[in-house]
Amino acid sequence: MGNCYSGVEGGKQQSPTATNNNNAGHNDAVEFFYRSRGLHQHFTRVELSLSAINLRDRDIISKSDPMAVVYAKNIDGKLEELGRTEVILNSLNPTWIEKVTIAFQFEIVQPLVFHVYDVDTKFHNIPVKDQDFLGEATCVLSEVLTKQNQSLTLNLCSKIGHVGLRNLGVLTIHAEETVASRRVVEMMLHCSYLDNKDIFSKSDPFLRISRIVESGGSIPICKTEVVNDNLNPKWKPLCLSMQQFGSKDNPLIIECFDFNSSGKHSLIGKLQKSVADLEKLQEGKSGENLTITSHHGHKKVLKGELFVDQFCEKEQYSFLDYVCCGFELNFMVAVDFTASNGNPQNPDSLHYIDPSSQLNSYQKVEGVEGIMSAYASALHNVTLAGPTLFGQVIKRAAQIASQSVSYNSKKMESLQTSKKRKTLW
């Protein structure tokens, strides 16, 4: 059960499709008030980080695989999903990585509802309401932001708002203002000589990186994938935005765990470094020893070391940046004429031409008259066949793309040659 990015490919966590609505708290009346006076609403975007303790165990053989969903409660009482976390396998005390972004407007009361579910991966396509419900908590966004450390802990209740006979656990919400920045850091990390935590095989290590916040606590910002049976693991490149780590001098906690399917990951070792420190490690081609603290509070320096193989700071561009700089797109459409879609004369067919002029599934394409015309013409001149093969379509698209690249390259060479000739003359 569960969707986790840190699964075998990252602490065993998969990220489900999430809906992020950044217009939470939108109010037509308030918007009209500002607009009628030529003013703009003031709002601040904040990120909500979620964690829970002592959740109910709904599984028999293993533990619950929890996921949290955040809703905005509208005036009419309806819930509008703002976002959801990933699912963490086998954990009753999850700390989720995925954040939920929301626009905070101080002049509007913004009620939030948090639902926690035990998600079964075998049925991950079913609606979240059909998953095992673990508990609900409610608050107003301002309650979180006005706390001294911007963290609010709530008791989880049943959907009817009562705690009930059983302890459903607690949910902690931490809020931080987001800082718009395009700067990102890409790193490749590896460790050597890690301690072996397994008996019959080697450890299955993964890294978890957390940012230390002003209150003294830490917020996890990313995890690597799991490298199986390896004491000298090398992980895929990590990409961290400035929004995640705050500043290059902000301290980060880097923890190395041995993954266990039970959810009880064994800490191999950890260290505290800033992004600036990690950059220096890469420049000096040196490693940093991991440490571990015993139950008696004694810190032990381990043989295992962390290395930064690559470090690159760059700007992350949005899709709009490419469009504004003249980026062009070619659009290609392929229509599936396989017999599996049914006889066009049959009303159940996806190709059925309705006498009442109602569009079929393939004709519902707005604003592309040429495609509509080509489709209608082809439909009367083809014989439906099978099976469905996408290979030819992909090859044709790749061919067109390569021709375009080749043409533009030759065009650039021609322009450069022309400029050289003008310079010589």
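Strand β13 (residues 205-212) and strand β16 run antiparallel and are joined by seven bridges; strands are DSSP runs of E, at least two residues long, numbered from the N terminus, and two of them pair if DSSP finds at least two bridges between them. The model is predicted, so that local features need pLDDT of at least 70 and side-chain atom pairs count only at pLDDT 80 or more, while totals for chains, interfaces and linings use all residues. Residues are numbered from 1 along each chain as its sequence is written, and side-chain values use heavy atoms, with hydrogens and water left out.

Of the eight residues in β16 (residues 251-258), seven are buried, that is, under 20% relative accessible area with a 1.4 Å probe and protein chains only.

Aromatic rings of Phe, Tyr and Trp (its six-membered ring) pair if their centres lie within 6.5 Å; planes under 30 degrees apart count as stacked, over 60 as edge-to-face and the rest as tilted. The count comes to two aromatic pairs. Tyr117 and Phe133 form an edge-to-face pair because their ring centres are 5.8 Å apart and their planes stand at 70°. This pair links strand β8 (residues 111-118), which holds Tyr117, to strand β9 (residues 132-140), which holds Phe133, 16 residues apart. Phe206 and Phe257 are stacked, because their centres are 5.6 Å apart and their planes lie at 25°. Phe206 belongs to β13 and Phe257 to β16, 51 residues apart, and both are buried.

Notes: Buried < 20%, exposed > 50% of the residue type's maximum accessible area, 1.4 Å probe, protein only. Helix = DSSP H or I, 4+ residues; strand = E, 2+ residues; numbered from the N terminus.
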